[in-house]
Amino acid sequence: MPPAERPQPTAFDTLVTALRRLPGVGPRTAQRYAYHLLQHDREAAESIASALIAATMRVRHCSRCNTFTEHEVCEVCLSPQRDPALLCVVETPADLVTVEQTLAFGGLYFVLMGRLSPLDGIGPAEIHFEQLLARATDGVVSEVVLATNFTQEGEATAHYLGEMLRARGLRVSRLARGVPVGGELEYVDAATVAQALRDRRTVG
């Protein structure tokens with residue numbers, strides 16, 4: 001007797017599975033979101049779906065700093081008011097926004113889109129190291145500020161980048177410990193990040 005075919009997932013099951021891919025969303029929370037959208041706010045569900053499709057089609061990486069933008073080069077990189085000799089390296093676009101909100105940094109950025117984590121298969125190539133290297137050694141940048149998070153992976157990333165960049169004659173500094181150990185920039189208040197930027201230290 002042939003084995004019974006596995007039933008195909010329903011549209012609702014597919015929605016719950018998709019919602020579970022969001023950070024911090026478990027099975028029960030994903031199910032609750034799905035029920036809410038379908039039962040109480042289908043208009044919002046359609047709006048979210050349309051916005052996601054539009055974003056995935058239009059948002060790209062800035063060719064200079066690697067952050068998200070809808071243009072070849074983002075507004076920050078194009079701004080004539082920024083100091084091109086200062087380059088701040090952050091893990092995510094959210095971290096870039098956090099640093100910007102401090103109003104304490106007037107240079108440019110490079111977004112790694114991650115951090116080194118060998119156990120997860122994330123090495124230098126996955127954090128766009130070669131692109132960062134080309135950006136930092138363009139003959140204009142004189143100081144690289146490593147603003148990765150103070151997690152174990154963030155510290156390892158800062159150490160690796162610092163070693164590689166110093167070997168090429170660049171001045172490398174690190175955020176001061178105003179940012180708590182284990183903290184992530186996205187969740188740290190702007191005043192604390194501003195103090196950390198002002199008190200950054202030379203690496204090595």
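Mentor: Lys and Arg count as positive here, Asp and Glu as negative, with His and the chain ends not counted, and each charge is placed at NZ of Lys, CZ of Arg, CG of Asp or CD of Glu. This is a predicted model, in which local features need pLDDT of at least 70 and side-chain atom pairs count only at pLDDT 80 or more, while totals for chains, interfaces and linings use all residues. Residues are numbered from 1 along each chain as its sequence is written, and side-chain values use heavy atoms, with hydrogens and water left out.

Trainee: How many positive and negative side chains does the protein have, and how far apart do the centres of the two sets lie?

Mentor: There are 20 positive and 24 negative side chains, and the two centres are 3 Å apart.

Trainee: What makes the count of disulfides what it is?

Mentor: A disulfide is called when a pair of cysteine sulfur atoms lies within 2.5 Å, and by this rule the count is 0 disulfides. For Cys62, the nearest cysteine sulfur is that of Cys65, 3.8 Å away, and Cys62 is in no disulfide. The sulfur of Cys65 has its closest cysteine sulfur in Cys74, at 3.6 Å, which is too far for a bond.

Trainee: Why are Cys62 and Cys65 called buried?

Mentor: The word buried means under 20% relative accessible area, exposed means over 50%, and partly exposed is in between, with a 1.4 Å probe and protein chains only. Cys62, at 1% relative accessibility, therefore counts as buried, and Cys65, at 2%, is also placed among the buried residues. Over the whole protein, buried residues make up 37% of the 204 residues.

Trainee: What is Ile122 called on that scale, and why?

Mentor: Ile122 has 29% relative accessibility, so Ile122 counts as partly exposed. Ile122 sits in the loop between β4 (107-111) and α6 (129-136), helices (H or I, at least four residues) and strands (E, at least two) being DSSP runs numbered from the N terminus. With neighbours within four places in sequence left aside, Ile122 is in contact (heavy atoms within 4.5 Å) with Arg115, Leu116, Ser117 and Ile127.

Trainee: How does the radius of gyration of the protein stand against that of a compact globule of 204 residues?

Mentor: The radius is taken over C-alpha atoms, and the globule rule is 2.2 Å times the number of residues to the power 0.38. A compact globule of 204 residues would come near 17 Å, but the protein has 21 Å. Along its principal axes, the C-alpha trace spans about 70 × 40 × 30 Å.
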